[in-house]
Amino acid sequence: MHQSEYFINLEEEYGAHNYHPLDVVLTKGQGVWVYDVEGNRYLDCLSAYSALNQGHNHPRIRQAMIDQLDRLTLTSRAFRNDKLGLLYKKLSDMTGYEMSLPMNSGAEAVETAIKVARKWAYVKKGIERYQAEILVAEGNFHGRTTTIISFTSTEKYKHDFGPFTPGFKMVKFGDVDSIQNAITKNTAAILIEPIQGESGIIIPPTGYLKAVEELCRANEILLIADEIQTGLGRTGKLFACEHEAVRPDIMVIGKALSGGFYPVSAILADKSILGIIQPGEHGSTFGGNPLGAAVAVAALEVIEEENLVENSRILGEYMKDYLEEVPQKNILDIRGKGLFVGVELKHELGGVRRFAEVLQKKGILVKETHVHTLRLAPPLIINQETLDWMLPILRQVLLMD
Ligand SMILES: *Cc1c(COP(=O)(O)O)cnc(C)c1O
């Protein structure tokens, strides 16, 4: 424990306390495994909130990054580079969207989607200038910028950080009528997570997303899907919206687009929408840099070539089936799609953190989401053998007193 204590103390002493991490100090990662400074090995069941769908240190993405490091890392968008176009093309080929706009963090991509939707509202839909409203869902998580926290329903995320950005209206997640009632002539867009990850892996009723899409079409409203966490294979489809054959007008991605190596995010849309952005209206010094673009292309290739979407679907079902057989004792609910499974424990247990701490001692790293739910989201490269090691341990912990 000595080594760990040293690093933990450094963090506590010199760093802002904006997180409450498990006290495990990691120093190495390979595939689905991570290693702490004491030499213990753990199965990573969080995957950096799905930024590590391809696993740690994927050899192919690593090589793409090294090759690019040796050539060119940053040009700014003042000049062109020979990697960004390849990323645009790859994203379009893989997703069917005509265009994309690259940023770095997920929150920046969400901000980008908001700006595009607002401009679209004024120049295309004809909403009176600065009257555009965007509908958002209760329990949403879209990032941490001042605009984004302006429309969170989680008090802790916004408390003391006002004044807040106007132009957002809250609807109930999973409730189509709530959207119907909120729509006015000024409604520009609805911004939604197809499955609310941070809120506790909340899956809306079947048919909800399709109904939202139809409402959007009928009222000339943009459907913006935040698939930063659910996208790129996590739920057993390339995008979670595909479970209901929904095609959002603007798709927001990030996290696994990085392969866990280097932050890259983007919004995807067709020309009729993204084509409205003119030079100078939006930008980022690092957005679209050749290093990030090379990494992202490799990260996408790995998802395709290693069939990670299919693996997520098959092993996700396997995991859920197993968990549903565990005696209910502490379990309130199990829900998920693909390798994105939440196990909600009975609330009288007072939160799942102590379960996470026991799992840590047994070599499995998980994180609680919204106090009562354990999020099980291992890298999508995981195999059945590793699950067969993990699941009995998990079962034992779920049955503890
Ligand atoms: C993580 C996440 C974000 C924010 O991404 P950052 O890279 O942390 O800014 C936004 N939306 C969803 C659904 C997320 O899971």
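This is a predicted model: local features need pLDDT of at least 70, side-chain atom pairs count only at pLDDT 80 or more; totals for chains, interfaces and linings use all residues.
Visitor: Which value does K255 give?

Guide: An N or O atom in the K255 side chain is 2.6 Å from a ligand oxygen, so this pair also falls within 3.5 Å. With G106, a polar backbone atom is 2.8 Å from an oxygen atom of the ligand. As for cover, the ligand taken alone exposes 380 Å², and the protein buries 80% of that.

Visitor: Where does the ligand sit, and which residues surround it?

Guide: The ligand sits in the largest pocket. Around it are S105, G106, A107, F141, H142, G143, E193, D226, I228, Q229 and K255. That shell divides into three nonpolar, five polar and three charged residues.

Visitor: How many aromatic pairs does the whole structure hold, and why is the pair of F141 and Y157 called edge-to-face?

Guide: A search of the whole structure finds six aromatic pairs. For F141 and Y157, the ring centres are 5.7 Å apart and the planes stand at 75 degrees.

Visitor: What is the omega of the peptide bond between G162 and P163?

Guide: Omega is about 5 degrees, and the bond joining G162 and P163 is cis. P163 lies in the loop between α7 and β6. Most peptide bonds are trans.

Visitor: And what is the phi of A245?

Guide: Phi of A245 is near 50 degrees, a positive value in a residue other than glycine. Most residues other than glycine have a negative phi. A245 is found in the loop between β8 and β9.

Notes: Residues are numbered from 1 along each chain as its sequence is written. Side-chain values use heavy atoms; hydrogens and water are left out. A residue is near a molecule or strand if one of its heavy atoms lies within 4 Å of it. A polar contact is a pair of N or O atoms within 3.5 Å; within protein, one must be able to donate a hydrogen and the other to accept it, and residues adjacent in sequence count only if both atoms are side-chain atoms. Accessible areas come from the Shrake-Rupley method with a 1.4 Å probe; for residues, only the protein chains shown count as cover. On a 1 Å grid over the protein atoms alone, a cavity is a set of points where a 1.4 Å probe fits but cannot get out, and a pocket is an open set with protein on both sides within 12 Å along at least five of seven lines; lining residues have an atom within 4 Å of a point. A molecule sits in a cavity or pocket if more than half of its atoms lie within 2 Å of its grid points. Ala, Val, Leu, Ile, Met, Phe, Trp, Tyr, Cys and Pro count as nonpolar, Asp, Glu, Lys and Arg as charged, and the others, Gly among them, as polar. Rings of Phe, Tyr and Trp (its six-membered ring) pair if their centres lie within 6.5 Å; planes under 30 degrees apart count as stacked, over 60 as edge-to-face and the rest as tilted. Helices (H or I, at least four residues) and strands (E, at least two) are DSSP runs, numbered from the N terminus.
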